[in-house]
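Please read these notes with the structure open beside them. They are meant for someone who has not looked at this chain before.

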Amino acid sequence: MILNTLNLLQFRNLTTNCYPFSPDINLIFGENGQGKTNILEAIYILALTQSFKTRQDQDLIQFNADELFYDLTGEFCTSQNLDESIRIFYSKRD
């Protein structure tokens, strides 16, 4: 599979972000604390439905968010050249 686009909403320190990816090589760079590892974690969660950093989904919600949820969507192309998407939505209920 080739990831075409990653959409994040209230995930870790990323409020609302859309990341387009190339089918070739992609480079993620930035200063410390800007969310590079969070992007990789989001991709990992979409692939395996679990985080490599925490067992608690509520830990993935953006700190100080008004609404307690996160939303991840990945648009990708399969080996059969079919466009597919995966969405993982988590909402914390009291």
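This is a predicted model: local features need pLDDT of at least 70, side-chain atom pairs count only at pLDDT 80 or more; totals for chains, interfaces and linings use all residues.

1. Strand pairing around β1. The strand β1 pairs with β2 in the antiparallel sense, over 6 bridges. It also pairs with β3, again antiparallel, over 7 bridges.

2. The hairpin of β1 and β2. There are 2 residues between these strands, and in this hairpin Arg12 takes a positive phi near 50 degrees. Arg12 comes up again below, as a contact of Ser51 and as a residue touched by Thr54.

3. The largest nonpolar core. How many residues does the largest nonpolar core have? It has 16, and those with the most contacts inside it are Leu6, Leu8, Phe11, Tyr19, Tyr70 and Leu72. At least two residues of this core come from each of β1 (2-11), β2 (14-20), α1 (36-48) and β3 (69-77). The helix α1 gives the largest share, 4 residues.

4. Tyr70 and its surroundings. With neighbours within four places in sequence left aside, Tyr70 is in contact with Leu9, Gln10 and Phe11, with Asp57, Leu60 and Ile61, and with Ile88, Phe89 and Tyr90.

5. Phe69. This residue lies in strand β3. Is Phe69 buried or exposed? Its relative accessible area is 13%, so Phe69 counts as buried, the limit being under 20%. Apart from residues up to four places away in sequence, Phe69 touches Leu9, Gln10, Ile61, Phe89, Tyr90 and Ser91.

6. Gln10. Gln10 is touched by Phe69 and is in contact with Tyr70. It is found in strand β1. Gln10 has a relative accessible area of 12% and is therefore buried. The backbone of Gln10 deserves a look: phi is near 55 degrees, a positive value in a residue other than glycine.

7. Ser51. Where is Ser51 found? It sits in the loop between α1 and β3. Ser51 is buried because its relative accessible area is 15%, below the 20% limit. Its side chain makes a polar contact of 2.4 Å with the side chain of Glu41, and it reaches the backbone nitrogen of Thr54 at 3.3 Å. Leaving aside neighbours within four places in sequence, the contacts of Ser51 are Arg12, Glu41, Tyr44, Ile45 and Leu60.

8. Thr54. Thr54 lies in the loop between α1 and β3, where Ser51 is also found. With a relative accessible area of 17%, Thr54 is buried. Its side chain joins that of Asp59 through a polar contact of 2.7 Å. A polar atom of the Thr54 side chain also lies 3.1 Å from the backbone nitrogen of Gln56. Not counting residues up to four places away in sequence, Thr54 touches Arg12, Asp59 and Leu60. Arg12 and Leu60 are also among the contacts of Ser51.

9. The largest pocket. Its volume is about 190 Å³. Which residues line the largest pocket? They are Met1, Ile2, Leu3, Ile43, Leu46, Ala47, Gly74, Phe76 and Ile86. At least two lining residues come from each of β1, α1 and β3. The largest share, 3 residues, is supplied by α1.

10. Asn81. Asn81 lies in the loop between β3 and β4 (83-91). Although Asn81 is not a glycine, it has a positive phi of about 60 degrees. Asn81 has a relative accessible area of 64% and so counts as exposed, the limit being over 50%. Gln10, which also has a positive phi, is by contrast buried.

Note on methods: Residues are numbered from 1 along each chain as its sequence is written. Side-chain values use heavy atoms; hydrogens and water are left out. A nonpolar core is a set of buried Ala, Val, Leu, Ile, Met, Phe, Trp, Tyr and Cys residues joined through side-chain atoms within 4.5 Å. Buried means under 20% relative accessible area, exposed over 50%, partly exposed in between (1.4 Å probe, protein chains only). Contact means heavy atoms within 4.5 Å. A polar contact is a pair of N or O atoms within 3.5 Å; within protein, one must be able to donate a hydrogen and the other to accept it, and residues adjacent in sequence count only if both atoms are side-chain atoms. Two strands pair if DSSP finds at least two bridges between them. On a 1 Å grid over the protein atoms alone, a cavity is a set of points where a 1.4 Å probe fits but cannot get out, and a pocket is an open set with protein on both sides within 12 Å along at least five of seven lines; lining residues have an atom within 4 Å of a point. Grid points are joined across faces, edges and corners, and a volume is the space filled by probe spheres set on the points.
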